[in-house]
Amino acid sequence: VHAIFPNNPLHTNFPHATALSVTTFNMLASVHRSMPSEIGTCGEDWRESDRAEWWMPRAKELAKFVAEELASSDVVLLQEWWNRQEFCDIF
């Protein structure tokens, strides 16, 4: 099988290269991330997803990390994706 990956620098230098780099990254979805008990009241179980001011800064840092550090991969698989629209818009 001959595959062409136009965004892969290998394709430019080695036109018959069939290498494909794949990276997986676990983002720890905000719905699974517990917040310290002192943030909640009366021992409530708070999740990072409960408040945008908790999840949004980390989401922006994750998006920056993915764009800057994982951009050299042909395929990036993001584990524990959170399907909230505001989160998706950041990416």
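The exercises below work through the fold, salt bridges, surface and cavities of one predicted protein model.

Residues are numbered from 1 along each chain as its sequence is written, and side-chain values use heavy atoms, with hydrogens and water left out. Because the model is predicted, local features need pLDDT of at least 70 and side-chain atom pairs count only at pLDDT 80 or more, while totals for chains, interfaces and linings use all residues.

**Exercise 1. Describe the secondary structure and the overall surface of the protein.**

Step 1. Take helices (H or I, at least four residues) and strands (E, at least two) as DSSP runs, numbered from the N terminus. The protein has three helices and two strands.

Step 2. Read the order from the N terminus: α-β-α-β-α.

Step 3. Apply the burial classes: buried is under 20% relative accessible area, exposed is over 50%, and partly exposed is in between (1.4 Å probe, protein chains only). Of the 91 residues, 24% count as buried.

Step 4. Compute accessible areas by the Shrake-Rupley method with a 1.4 Å probe; for residues, only the protein chains shown count as cover. The accessible surface of the protein is about 6400 Å², and 54% of this belongs to carbon and sulfur atoms.

Step 5. Define a contact as heavy atoms within 4.5 Å. Among contacts between residues at least 6 apart in sequence, 56% join residues at least 24 apart.

**Exercise 2. Find the salt bridges and state which residues are linked in a network.**

Step 1. Side chains of opposite charge can pair when their charged atoms come close. The rule used here asks for a side-chain nitrogen of Lys or Arg within 4 Å of a carboxyl oxygen of Asp or Glu. The count by this rule is three salt bridges.

Step 2. Arg-33 pairs with Glu-48 at 2.6 Å, N to O. Both residues are in the loop between strand E1 (22–26) and helix H2 (52–69), 15 residues apart. Arg-33 is partly exposed because its relative accessibility is 31%, whereas Glu-48 is buried, at 1%.

Step 3. Glu-48 also pairs with Arg-58, at 2.8 Å, N to O. Glu-48 is in the loop between E1 and H2 and Arg-58 is in helix H2, so this bridge ties together parts 10 residues apart in sequence. Glu-48 and Arg-58 are both buried.

Step 4. Arg-84 forms a salt bridge with Glu-86, with the closest N and O atoms 3.0 Å apart. Arg-84 is partly exposed at 32% relative accessibility, and Glu-86 is partly exposed at 39%.

Step 5. Collect the linked residues: Arg-33, Glu-48 and Arg-58 form a network of salt bridges.

**Exercise 3. Identify the residues of a nonpolar surface patch and give their accessible area together.**

Step 1. Keep residues with over 30% relative accessible area and no salt bridge; nonpolar side chains (Val, Leu, Ile, Met, Phe, Trp, Tyr) are joined within 5 Å, and like charges within 9 Å.

Step 2. Leu-20, Val-22 and Leu-77 form such a nonpolar patch, with about 260 Å² of accessible area together.

**Exercise 4. Locate the largest cavity and name its lining.**

Step 1. On a 1 Å grid over the protein atoms alone, a cavity is a set of points where a 1.4 Å probe fits but cannot get out; lining residues have an atom within 4 Å of a point. Grid points are joined across faces, edges and corners, and the volume is the space filled by probe spheres set on the points.

Step 2. The structure holds two cavities of 30 Å³ or more. The largest has a volume of about 50 Å³.

Step 3. Its lining includes Leu-28, Glu-48, Arg-58, Glu-80 and Trp-82. The largest share of the lining, four residues, comes from H2.

**Exercise 5. Examine the positive phi values of Leu-28 and Glu-80, and the surroundings of Leu-78.**

Step 1. Leu-28 has a positive phi of about 55 degrees, although it is not a glycine. Leu-28 is in the loop between E1 and H2 and is partly exposed, at 36%.

Step 2. Glu-80, also not a glycine, has a positive phi near 60 degrees. Glu-80 is in the loop between E2 and helix H3 (85–90).

Step 3. Leu-78 lies in strand E2 (residues 75–79). Leu-78 and Leu-28 are 50 residues apart in sequence and 9.7 Å apart in space, C-alpha to C-alpha.

Step 4. Leaving aside neighbours within four places in sequence, Leu-78 is in contact with Phe-25, Met-27, Val-66 and Phe-91.

Note on methods
1 Å grid on protein atoms, 1.4 Å probe; cavity = no way out; pocket = protein on both sides within 12 Å on 5 of 7 lines; lining within 4 Å.
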